[in-house]
Amino acid sequence: MNRPTAVAPPVRAHAPRPGTTLSVASLGTFVALIAFCAPLGNMPTVAAALSAGPAAQTWILSSMSVGLAAVLLTAGALADDYGRRRVFHWGAWLLALGAVVGAVSQEPVLFIVGRLIQGVAGAALIAASLGAVAHAFATPAARATASGIWGASVGAGIAVGPVLAGLLDLAGWWRGLYWALAVASLAIGQVATRALAESRSAVPKRIDVPGAVTLCAAMVLVLVALVEGRQGNTPATALCGIGAAVFTLAFVGVERRRPFPMLDLALFRRRDFLAATLAALATGAGIIGLMSFACTFLVKTMHVSTLAAAGVIALWSGTSVVASLLARTLPARLAGTPQLVIGLAGVGVAMLTMTGLSPDSSLLRLVPGLLLAGIASGLLNAGLGRQAVASVPADQGGLGSGANNTARYLGSSIGVTVVSIIALDPAGTIDGMVTGWNHAAVTTGLISLVGAGVVGVLVRRTAVRR
């Protein structure tokens, strides 16, 4: 097989400033996260409008995660090899399509299809945006600042999505959010064609079709197994689990034999790459898993409106925006991988402070933990954005973003499943729900603390080797 010849990225006569690239990339990520978090703010209303039963509701909440995790790595590789602006543009248009499908849906199956489309689109936007940012900001100091702003867009999307859904829910127009997302996505796609400079790897590779197919199949089957497991469907869970293992082994075998694999498995020998991947996995399984359930818990046990519940959760996500923006002020010795350790330890401690609730507890009881979790999450979002591209070769920022975010959303699917199993009371009693929350907060807190410990060991070993 002939090796591809080096092709320099095209140069535009008037290349956009790096700040413009960062603004557009962050805006795309912001809108993708709004779409991802929207159902958390008005799930009861959507379920009633679509006549969605418990199984359909589970899929409504999980389907975008399936689309995201299944294709993030593939989207990152395509962005590096065939153009980050091009993949970003496709993602924006596809996000608009998924939003329109959701807006016109009258039954749960079509709505779930729209969420899956939005997941694939979100994968393209997130992977291509962080790859474009990495290309525009080459120095470590500049990347630290840029990754903080990009991380803030993640927190902002998580904060705004449920609140906006809750507001439109009160107005009796929940579909309006999806029409607004469609319009915003089309506008972002149009802006991207004019404001983003095209960038790609200096040595583009052929599409790794076998690798993409086996990886997507493995990821989909893993996530379907998790969703079906939450519903108690043991045969489907076992069958999908076996299939996921088979396709994972097939993916590893394919990548070892490909001259130019989509994912170079040798990257996992790099301690910084392994640390960033494990930190992303722990972030999803820990704080994102618990916060994804928080609105349901608050509505069902404390009898607040969906808007009020979203506002409470915004204490976490809104604080994370500020913390991400300030992360660039960390001393150099704490930036990078040590920042991930601090962030994971912080969210772990924060979740442990949110335990010990009783049926008589007020919302104020959660405020200190939510604020601490927000500060730590902001550090994590900024650190993960930075390390996702710093831990891979310079021209593979999209791949690094795809790998890191794949771990994050796979972790969130695992976390949501674990929290749902632990926290949901089959009898639906207040006492049972509160007890379940306490157990779930301890579990996810320990997941984060264990993740901090493992990443910390990798940091120390890397320092010793240096």
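Analyst: Happy to. Let's begin with burial: a residue is buried under 20% relative accessible area, exposed over 50%, and partly exposed in between, using a 1.4 Å probe and protein chains only. Keep in mind that this is a predicted model, where local features need pLDDT of at least 70, side-chain atom pairs count only at pLDDT 80 or more, and totals for chains, interfaces and linings use all residues. Residues are numbered from 1 along each chain as its sequence is written, and side-chain values use heavy atoms, leaving out hydrogens and water.

User: Thanks! Are Asp80 and Arg84 buried or exposed?

Analyst: Both Asp80 and Arg84 are buried. They also form a salt bridge, with the closest N and O atoms 2.8 Å apart.

User: What counts as a salt bridge, and how many does the whole structure have?

Analyst: Side chains of opposite charge can pair when their charged atoms come close. The cut-off here is a side-chain nitrogen of Lys or Arg within 4 Å of a carboxyl oxygen of Asp or Glu. The search of the whole structure finds two. Besides Asp80 with Arg84, Arg270 pairs with Asp272 at 3.1 Å between the closest N and O atoms. Arg270 is partly exposed because its relative accessible area is 30%, and Asp272 is partly exposed too, at 22%.

User: How should I read a helix, say H13?

Analyst: Helices are DSSP runs of H or I with at least four residues, numbered from the N terminus. The expected span is 1.5 Å times one less than the number of residues. Helix H13 (residues 397–423) has 27 residues and reaches 38 Å from first to last C-alpha, close to the expected 39 Å. Of those 27 residues, 23 are buried, so H13 is largely enclosed by the rest of the structure.

User: And which residues does Val31 touch?

Analyst: Contact means heavy atoms within 4.5 Å. Val31, in helix H1 (residues 18–50), touches Leu95, Leu181, Ser185 and Ile188, leaving aside residues up to four places away in sequence. Val31 is buried, because its relative accessible area is 6%.

User: Where are the domains, and how do they meet?

Analyst: Domain bounds come from an automatic or database domain assignment. That assignment divides the chain into domain 1 (15–196), domain 2 (208–260) and domain 3 (262–465). The C-alpha centres of domain 1 and domain 3 are 20 Å apart, and 42 residues of domain 1 are in contact with 39 residues of domain 3.

Technical notes. Helix = DSSP H or I, 4+ residues; strand = E, 2+ residues; numbered from the N terminus.
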